[in-house]
Amino acid sequence: MCVTTRDDFVPLLATQSNVTRYQATIVAMTSELRDVTQGLWVWRVEHPDWSPEADWEPLVTSTCVESVGEVALLDPLAPPEDATDIWERLDARPPTLVVVLKPDHVRDVDLFARRYGARAFGPSLFWRADIPETELDPIEPGSSLPGGLLALYDGRGRNETPLWLPEQRVLVFADALTAPTSELRVWATPWHEERALPALRALLELPFEHVIVSHGEPVHDRDAFERALELPPWSG
């Protein structure tokens with residue numbers, strides 16, 4: 001297991017030789033753990049379905065938050081067995097709930113629900129080839145979860161429900177935003193101007209200080225979110 005920082009990970013141009021070097025780099029970088037603020041931390045591991053043709057980086061982010069006596073895992077992907085720093089931290093404060101933020105982010109909700117006896121939440125509908133075995137309590141924009149977590153509306157029409165973490169003053173997204181080059185961007189949809197931007201701008205009414213995203217550099221501040229709303233959408 002290799003714990004790294006963002007400075008150790010520099011994307012390479014997608015030439016054939018660089019793809020080989022890129023793959024060698026991600027093999028060495030098995031996992032990363034990072035504290036964000038009090039009661040909130042993230043870990044990143046390589047997604048098992050990643051390939052060089054994907055329009056997202058191999059490492060994806062999972063979030064753990066403690067709030068009002070609850071410990072919630074958001075879109076968690078299980079770290080490798082030898083990532084003992086992550087597993088020991090999870091075991092020390094066992095999760096009480098697991099939340100899937102988007103239909104194609106089922107990831108390892110079943111594993112965590114079984115291991116910790118955690119209650120699971122998520123969308124009502126899933127892709128046919130990726131349906132969790134665990135029975136999930138459905139959430140939709142406006143749903144209030146244990147720990148005071150609030151499901152939000154992102155306007156992108158893909159059943160994603162970002163979460164507002166009021167105790168930490170943080171927004172957590174699945175795919176509404178991404179940061180493939182460390183710069184926060186809104187992920188493109190056909191209805192970017194019509195639906196996504198108005199919904200995301202409405203989130204500025206919340207007093208958040210940080211934003212966490214699944215793909216790319218995981219942690220950003222409020223200013224980066226505001227800039228992302230003015231930039232062209234990211235389309236890979």
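Phe208 and Phe225 are both buried. Keep in mind that you're looking at a predicted model. Within it, a search of the whole structure turns up 6 aromatic pairs.

**Phe225 and Phe173**
- The ring centres of Phe173 and Phe225 are 6.2 Å apart and their planes meet at 20°, so this pair counts as stacked, since stacked needs planes under 30 degrees apart.
- The two partners come from distant parts of the chain, 52 residues apart: Phe173 is in the loop between strand E10 (170-172) and strand E11 (177-178), while Phe225 belongs to helix H5 (residues 222-228).
- Phe173 has a relative accessible area of 2%, so it's buried.
- For Phe225 the relative accessible area is 0%, so that residue is buried too.

**Phe225 and Phe208**
- Phe225 also pairs with Phe208, this time edge-to-face, with 5.2 Å centre to centre and 80° between the planes.
- This pair links distant parts of the chain as well: Phe208 sits in the loop between helix H4 (192-202) and strand E13 (210-212), 17 residues from Phe225 in helix H5.

**Charges over rings**
- Phe208 has another neighbour: Arg222 lies over the face of its ring, 4.4 Å from the ring centre.

**An aromatic cluster**
- Which residues form one aromatic cluster? They're Trp41, Trp43, Trp87, Phe112 and Tyr116.

Technical notes
Residues numbered from 1 in each chain as written. Predicted model: local features only at pLDDT ≥ 70, side-chain atom pairs only at ≥ 80, totals over all residues. Heavy atoms only, no water. Phe/Tyr/Trp six-rings, centres within 6.5 Å; stacked < 30°, edge-to-face > 60°. Helix = DSSP H or I, 4+ residues; strand = E, 2+ residues; numbered from the N terminus. Buried < 20%, exposed > 50% of the residue type's maximum accessible area, 1.4 Å probe, protein only. Lys NZ or Arg CZ within 6 Å of the ring centre and 35° of its normal.
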